[in-house]
Each structure stands twice: as structure tokens, then as C-alpha cells.
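I opened my notebook to look up salt bridges and helix packing. The entries below follow the order in which I checked things.

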Amino acid sequence: MTKRALISVWNKDKLVEFAQELTTKYNYEIIATGSTFDLLKENNINAKEITEITGKRQLINGKVKTLYPDVFAGILADISNEKEKSDIEKEKISLFDMVVVNFYPFEEAVNKEVEEIELTNTIDIGGPSMLRAAAKNNKRVLAVSSPSQYKEVLADLEEHKGDSSLKLRREFALKVFEKTLDFDTKILHELSNRYEEDTDNYFSLNLKKTKKLRYGENPHQSANIYYTDNTIDYEVLNGKELSYNNILDSSACTNILSEFFDVNACVIIKHNTPCGAALGKSIEEAWEKALDCDPLSAFGGIVGFTQTVTENLAKKLTAMFLEVIISPDYTDGALEILKQKKNLRVIKLNTSLEEYKNYLSREIRITPYGTLVQSCDKGELDKDSFKVVTKTKPTSEMIEDMIFAWKIAKHAKSNAIVIAKDFKAIGIGQGQTSRVDAFEIALNRACDGSKDAVAASDGFFPAIDNIQCAAQGRIAAIIQPGGSIKDEDVIKTADKYNIAMITTGIRHFRH
């Protein structure tokens, strides 16, 4: 029985060589469409035009070439089924053993920001339909969806004497459904953006597996990493492969760094939570101040910077054990020093920290109760809700420290209290079931440094006991969301202890 391949491709890379092998070495009859047919004929490859199957010329500017019953019957037919086999023989329909298709360049049109009519012209209809039909009938038909697969197809035909293997047909069928899902997802997202429509009813994840990780959060858990269109550009310049926990911690670190993209900032993360953060006149000073917050927790931590790591800083970093260092850049001398630690993972951020927040849009948590999807917490201080509510007024220096502490508290685990002074976190209490406990932990870390410092809370104060804690630590000013039914009592207590207080109207819970 004659083997037939239906070929209709936009990307014609390596097609001539592939088709030549199919016809001369494996005796395939090729049926092709439009410009694909023209290319094959120009290169003296024996092929028939699709019109010989359909009996119709291509219609409406080539939009309809393959959408005909005889074409799809030839792809979908199950010849092991007597009724289907009888229909095929009765109608004299040509069977296809291979379908070779790739899509119109929709993503390329998106990147070029073309007009809507040009964009919608790149929404392929016939291509995905043919590939899906072939993938559905992978018991008999091989669906080839990319020029990168041609070499593997030819090797498989060679091994199996001109027939494709079931293993390859199944593998390529899955690739087709991955590709059509990717294609449809891009269309949905782009058109919804252009039409300004809410697509929450159709939320989907377009994930591409990059690699299998050694393990997940613990050695008995399996894990993979997937990239999406919103994956930032970064390089690992040194060290072991990033682990599951490294990636989580690095994300937490970069989230905070992006809050301070235009100044010298250092952030230290341990177990996905901040244990040190500071701004400095230099990047070296920022590191020294951040480390001083909790040097014990910093051991084995993840450290990030907003500016270039210098040779002098690299010497200080290698003096202790760290898992990961993150920075937009490194001097040659710094990199040479860091690379002396073979296991130290050194990450270079190629995506700017200023642009970084644009890559974060949704947070997803899968639970047995349902999958939760929420927009990322991008809440910023608003001058209309930012209010001094006490009789005691904060100084301008206090306000700057309060804003700094507020941005750190936003990324700490709830309940969270951050005590800061001179753009340096000196005590962080977080992840507590009681806000008073979080306050006491932060004060214990700050010790005598809490005198005249400021405190930031991710949530409102439900009672005056938190203000009493602040008074015991001689805190000078507090920034918190406000909105508690006890706000009046809280404010009166703050006034009693001459503590300045600002309410923001913005809560930053992070469970």
C-alpha cells in the first residue's frame, strides 16, 4: 500500500531535504498545499497538490485549502474498523500516514505589535485541525509539528523499514496537543488584552518543562521547573544546579530587591523569608547593614543586591557560607573571587529590577478545596490613604524609615513586624499566630537598637497590647494599615506614649 504524507507548512526550514528522503528512500507520495507545493515542485520533488484530493481550488485567499471531508477522512480513518474501511473504499478516499504541519507565526505578529487584521490573519485554522486529527489517530498516523522533528522521523523510518513506530506516533501526538494548547493560549491572552476583556473565567497556565530538579522541598518529593512567557532572563554563572528551595528563595529575594531598584540595597533571605535588608551609601555598606540584622540566620542564606557586586564585596561574601548570590552584574574581579567557591551559585539578572514587577501578575495555589488564583500584591502607598493619625508627628527621617520598613513587611510572613532605623532592618518578627509575639520577636532581635526606631506592621492592630510593646522598646513611630474596630484606642495609646503613627489603608498579609 502506498504511503502518503500530507505536507502544509509555514516554516519551510529543512523541508526540501526531508521531502526528498521521504519520496526517494521510503517511496512516500506527497500531497502538499499552496506555497509548500510550489517549493517542492521548484526543487523537482514529486508531489501532488491538495486540489487533487479535494476537487476544489483553494478559497477565500487561501484560508480554505484543507478543510474538506476527503482530507480529514483520510487522516482520521480507522481501517481496523470494517465500517470505516468500507466508507474509505467506497468513496475512494486517499489515506494519509503522515501529516507534516507547522503554524502561521502568530507569536511573531504579537511581538511586532501588528494591527488587528494582520494579527488575526495569523490565527491558523486548518493547520491545528489537521495536526489534531493526526494526533487523535496516532494508532495509524504520524503527526509532525516542527522541522526539528524531521531528523528523528527519518531515523525512525530507517529503523522500522519505512513505517513509523507506535512509540514515535504517541510521543509526537502529545507534542501536538502541547503545541495547540500553547497556540490557543497565546491567542486568548493577546486578544483579551487587545479587546480589554477579563479572561478570569478561562485562566490557564502555559507551562513548558525545562528540566527535572533533583528533588522538591524535601528529598522524597519530586519536582520539575517550567518556564512561561513571563520567566525572567537570568544566568547562573557559577555553582551547583539551582534546587527547588534555591529558586523559591531567589524569587523571594528578587521580589524585595525590585522595591529598591534605583538605590544601593541588599536583601538576605532564609527559608523564603527576609532575615536582613538595608540601603546604603554604597553596595558594600548595604551588605554590612543587612548582615547586622540577623547574622546567625544569614548563614547558608540567599543574598541579593540591586547594584554591581565589586571585588571588595565579593571578598566579604566568600568569608561566610552562602547558598546563592543574586545581582544585576559583577565586576570581573568579583566574579573571579566568587568562582573560587565551587558550590556557590552566582546568578546574574539580565532582566532589570525596574522591569521585574511586570513579570509578576498572578499567584496560584492548588488546594484540595480548589485552585486559588489571585493578582500579585502590588499595593503601593497612596497619598490619599497615607495619614498621620496621632498628635505626635513623625519627622521626615522617620517617614523615610517607615516607608522602607513597610516595603520589607510587605514581603515578610504574616503576622509580621519590621523594626528599622537609618534604612536598616534591625529586627524582623514574622510568621507568628499572634501579632504581639511577632512584635516581641522583632524587639528581641533589635535589642537596644529599637530606641527611636520605627516599626511597620503588615496588618492592623486588633488591640493596644502591640502599642504597649512598642513603648517598652522605645519605638518612636509606627506605620500600619489601620481599619481595626479598636483604632481609636490604639491611636489614643500611641499618643499616651508619644509614638507617632501613620495608617496606610493597605494590608499586606502573606500566608
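I looked up Asp163 and found it partly exposed, at a relative accessible area of 34%; partly exposed lies between buried (under 20%) and exposed (over 50%), with a 1.4 Å probe and protein chains only. Lys3 is partly exposed too, at 25%. The side chains of Asp163 and Lys3 meet in a salt bridge, 2.7 Å from N to O; the term means a side-chain nitrogen of Lys or Arg within 4 Å of a carboxyl oxygen of Asp or Glu. This pair links distant parts of the chain, 160 residues apart: Asp163 sits in the loop between H9 and H10, and Lys3 in strand E1 (residues 3-9). Helices (H or I, at least four residues) and strands (E, at least two) are DSSP runs, numbered from the N terminus.

I noted my sources: this is a predicted model, where local features need pLDDT of at least 70 and side-chain atom pairs count only at pLDDT 80 or more, while totals for chains, interfaces and linings use all residues. Residues are numbered from 1 along each chain as its sequence is written, and side-chain values use heavy atoms, leaving out hydrogens and water.

Next I checked Lys424, which forms a salt bridge with Asp292, the closest N and O atoms being 2.5 Å apart. Lys424 is buried, with a relative accessible area of 15%, whereas Asp292 is partly exposed, at 49%.

I then looked up Asp458 and Arg435, whose side chains meet in a salt bridge of 2.6 Å, N to O. Asp458 and Arg435 are both buried.

Last, I counted: the structure holds 17 salt bridges. I also found Glu259, Lys357, Glu380 and Lys410 linked in a network of them.
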